[in-house]
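Please read the following report on a protein structure with its ligands, which moves from the ligand surroundings to the aromatic side chains. The sequence and the model come before the description.

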Amino acid sequence: MTELPDIDFENSFAAQMEGFFVPWEGAKAPKPEVLRLNHELADELGLDPELLKGEGGARLLTGAAAPDSAVPLAMVYAGHQFGGFSPQLGDGRALLLGELVGPDKERRDLHLKGSGRTPFSRGGDGKAVLGPVLREYLMGEAMHALGIPTTRALAAATTGEKVLRDTGPEEGAVLARVAASHLRVGTFQFFAARGETAKVRQLADYAITRHYPELAQSEMPYLDLFRRVSKRQADLVAKWMNVGFVHGVMNTDNTTISGETIDYGPCAFIDSYSPKAVFSSIDAHGRYAYANQPAIMQWNLSRFAETLVDLVNPDDSDDAIAKLTEVLNQFPALYEEAWLDGMRGKLGLFEPQAEDIDLTTGLLTSAEGQNVDFTGLFRALAQMVRGDESPARALFDDPAAFDIWAELYKKRLAAEPVAAQERAEAMERVNPIYIPRNHLVEDALDAARQGDMGPFDRLLGVLSAPFSEQPGAEAFAAPAPESFGRYTTYCGT
Ligand code: AMP
Ligand code: MG
């Protein structure tokens, strides 16, 4: 058997956080093979892509074997799922192999999803299958290229075994995922729900050291931790909203302390603008609909705040609650500021004006119910800035809805002495041409299931440069044909 890649894992979580995980090993995949490797990310991590792609790399990346430096473990966490509390979730089909500190000195987790059963599997088989693994790979890379904080795929590997799903047997696969960490709101909730305050404090201290080291000297480190996480999550959700991303399963166990997007299950990008857009088959009541995301994030942050009460003031919970609530109440303003900032960029507005909020919501309101492609609209507005209004008008079922707004926009633009060309180029730097269009994602995954990785590679390639026009890629910028119909996503297990 070939050697495993000689990777020097660091294990700060394993070493410092006993009681927060169980040491565990991956299932021995019968025939592990690396299907796709993220060379750019491997380089960033200081890993040799050629070694990772080989037989030893495949064993490592499926969890079948781990080098001596690794302490593979399954993390424990809880979480509110669709509003209901599950006191024990945990890595039921995942393993943290350890941490990697690359040439950039950043510490990142290398984590495997689909590596077999663990003590937290409950009824599940601990496995993942090819389609959802490639979906997470694609979505994470698309988000990264869009400049949105996210976990990323290092590799997708197949295990050589069939895994049974509702639709029949599927090809088993493992996603090797890189994240700033896997600390979640749900990790705090697990210990808080059991009244284990010392453990919550230990976790908060670890999170501060790892993600917010500047707080080590703070007089109110735990309140400030909450403040920082709230700010990062406000910025994150604002970025989602700016590109039309619907996460789809914003449970508290899928809300990170680092502020990265995690867990690409039933997520999707909106095509026609609609605040109520929901794609997930299990989100029957639209809890995680597009426009609900900011409010849901604040709800998730309240659950986080609850876990910190005893830390913020061990002697006076009323005082702690008042302090945490004050920070929590700032979330809507933080979010709106970040969102509006993003929207100003999308609209090519350089000097903030009080009226911008009305101008922005005015555009969205006029687009509602008009079958307007959200992504296409902002690229068309750049053309309007250059002098051609017709592409933007043509996006509306009833262009009259657009015309009223367009007058206000033109007035607003005229008030700012910016050259049209400069403005349009600035808009094109922040408004993507290419997003993971639902029909293209499905086509790529269908082909991959049939053994043809061509469409996946092509789509991944286009999505890695979403802001620059790529010759021959016109079809990747277009909305789904009507025949594609209503899009439904399924939680990939
Ligand atoms: P997710 O929906 O991926 O965020 O997972 C929610 C919880 O269900 C986590 O505790 C997972 O580890 C667990 N889980 C999801 N799929 C499986 C599976 N196939 N086998 C075991 N546990 C799973
Ligand atoms: Mg999850």
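A polar contact is a pair of N or O atoms within 3.5 Å; within protein, one atom must be able to donate a hydrogen and the other to accept it, and residues adjacent in sequence count only if both atoms are side-chain atoms. The model is a predicted one, in which local features need pLDDT of at least 70 and side-chain atom pairs count only at pLDDT 80 or more, while totals for chains, interfaces and linings use all residues. Residues are numbered from 1 along each chain as its sequence is written, chains are lettered from A and ligands numbered from 1 in the order in which they are written, and side-chain values use heavy atoms, with hydrogens and water left out.

## Ligand surroundings

Around ligand 1 there are 18 residues, of which Gly90, Gly92, Asp125, Gly126 and Asp263 come nearest; a residue is counted here if one of its heavy atoms lies within 4 Å of the molecule.

| Residue | Atom of ligand 1 | Distance |
|---|---|---|
| Arginine 93 | nitrogen | 3.1 Å |
| Aspartate 125 | nitrogen | 3.1 Å |
| Aspartate 263 | oxygen | 3.0 Å |

Aspartate 263 is found in the loop between strand 11 (245–246) and strand 12, where strands (E, at least two residues) and helices (H or I, at least four) are DSSP runs numbered from the N terminus. Aspartate 263 counts as buried because its relative accessible area is 15%, and asparagine 254 does so at 10%; buried means under 20% relative accessible area, exposed over 50%, and partly exposed in between (1.4 Å probe, protein chains only). The side chain of aspartate 263 makes a polar contact with that of lysine 113, at 3.0 Å. Apart from neighbours within four places in sequence, the residues in contact with aspartate 263 (heavy atoms within 4.5 Å) include Glu136, Arg177, Arg184 and His247.

## Aromatic side chains

The whole structure holds 20 aromatic pairs, a pair being rings of Phe, Tyr and Trp (its six-membered ring) whose centres lie within 6.5 Å, with planes under 30 degrees apart counted as stacked, over 60 as edge-to-face and the rest as tilted. Tyrosine 290 and phenylalanine 374 form an edge-to-face pair, with 6.4 Å from centre to centre and 70° between the planes. This pair links distant parts of the chain, 84 residues apart, with tyrosine 290 in the loop between strand 12 (268–269) and helix 9 (293–312) and phenylalanine 374 in helix 13 (residues 374–385). Both tyrosine 290 and phenylalanine 374 are buried.

Phenylalanine 374 also pairs edge-to-face with phenylalanine 378, at 5.2 Å centre to centre and 75° between the planes.

A charge sits over a ring if NZ of Lys or CZ of Arg is within 6 Å of the ring centre and within 35 degrees of the ring normal. The ring of tryptophan 299 has the charged end of arginine 287 over it, 4.7 Å from its centre, and arginine 303 lies over the face of tryptophan 299 at 4.4 Å from the ring centre.
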